[in-house]
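Subject: A structure for you to explore

Hi there,

Here is the structure I promised you. Have a look around it first, and then read my notes below.

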Amino acid sequence: MAKIKLTKNELKVQRENLIRYSRYLPTLKLKKQQLQAEVRILSQSLMEKEEQLVALEKEIEPWVGLFSEPFEFAPYIAVKNVRLSEGNIVGVAIPVFEELEFDAVYPDLFTSPYWVDEGIRVLRERIRLNIQIKVLRMAQERILSELETTTQRVNLFEKVKIPESKEHIRVIRIFLGDQQTAAVVRAKIAKSKFSEQAGAK
């Protein structure tokens with residue numbers, strides 16, 4: 001336990017600390033719950049996107065062998081722009097996926113193989129899902145980091161600061177009570193001595 005002054009002023013300080021910690025703790029607990037709920041939502045969204053990616057892989061399995069034919073896909077799946085916005089979850093800034101633009105380049109229908117259009121669609125969707133997953137993971141990391149910090153603060157207030165303030169208040173009260181009792185005893189002794197001296201005269 002930290003060393004404290006055994007004074008009325010210190011008692012006042014410790015009482016104010018206890019009030020402040022007790023007022024702040026419910027807010028921290030609420031923030032922790034909201035962050036935990038957001039982690040669950042983000043985990044669910046991540047799982048859904050990963051399942052969509054797996055489903056896409058299965059969708060192309062029957063004709064994936066066609067990708068071995070020589071065809072230059074790069075110009076048709078080049079990303080032109082990824083647009084993100086910034087969300088705010090309980091004071092935590094997180095990235096939010098908005099839109100993905102590809103270069104508006106399309107193969108010649110007469111010279112390219114018949115399956116190329118579908119191949120471009122699948123590859124673009126795969127790129128889109130991978131970017132969405134990456135953005136969701138970034139958001140999840142930020143929320144998890146804030147959740148860890150908030151949990152540490154909840155524990156600090158709940159298990160250290162509030163019990164410490166209560167103990168300080170208890171120790172100061174006992175000391176001040178003892179001081180008051182000692183002062184009363186000294187006053188009584190002084191009074192009886194004074195009475196004895198007055199009686200002797």
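A residue counts as buried when its relative accessible area is under 20%, as exposed when that area is over 50%, and as partly exposed in between. Glutamate 99 has 33% relative accessibility, so it counts as partly exposed. Please keep in mind that this is a predicted model.

Let's stay with glutamate 99 for a moment. Which residue forms a salt bridge with glutamate 99? The partner is arginine 83, and the closest N and O atoms of the two are 3.3 Å apart. This pair links distant parts of the chain, with arginine 83 in strand E1 (residues 79–89) and glutamate 99 in strand E2 (residues 92–102), 16 residues apart. Arginine 83 is partly exposed too, because its relative accessible area is 41%.

Why might such pairs form at all? Side chains of opposite charge can pair when their charged atoms come close.

- Glutamate 16 and lysine 12 form a salt bridge, with 3.0 Å between the closest N and O atoms. Both residues lie in helix H1 (residues 8–60), four residues apart, which is about one turn of the helix. With a relative accessible area of 39%, glutamate 16 is partly exposed.
- Glutamate 146 pairs with lysine 31 in a salt bridge whose closest N and O atoms are 2.8 Å apart. Glutamate 146 belongs to helix H2 and lysine 31 to helix H1, so this pair ties together parts that are 115 residues apart in sequence.
- Glu59, Glu118 and Arg121 are linked in a network of salt bridges.

Is valine 116 buried or exposed? Its relative accessibility is 0%, so valine 116 counts as buried. This valine is found in helix H2 (residues 116–200). Leaving aside neighbours within four places in sequence, valine 116 is in contact with Phe71, Phe73 and Pro107.

Finally, go back to strand E1, where valine 79 lies. Valine 79 is partly exposed, since its relative accessible area is 37%. Together with Val82 and Leu84, Val79 forms a nonpolar patch on the surface, and the three have about 200 Å² of accessible area together.

Enjoy exploring!

Best wishes

Note on methods
Residues are numbered from 1 along each chain as its sequence is written. This is a predicted model: local features need pLDDT of at least 70, side-chain atom pairs count only at pLDDT 80 or more; totals for chains, interfaces and linings use all residues. Side-chain values use heavy atoms; hydrogens and water are left out. Helices (H or I, at least four residues) and strands (E, at least two) are DSSP runs, numbered from the N terminus. Buried means under 20% relative accessible area, exposed over 50%, partly exposed in between (1.4 Å probe, protein chains only). Contact means heavy atoms within 4.5 Å. A salt bridge is a side-chain nitrogen of Lys or Arg within 4 Å of a carboxyl oxygen of Asp or Glu. Patches are made of residues with over 30% relative accessible area and no salt bridge: like charges are joined within 9 Å, nonpolar side chains (Val, Leu, Ile, Met, Phe, Trp, Tyr) within 5 Å. Accessible areas come from the Shrake-Rupley method with a 1.4 Å probe; for residues, only the protein chains shown count as cover.
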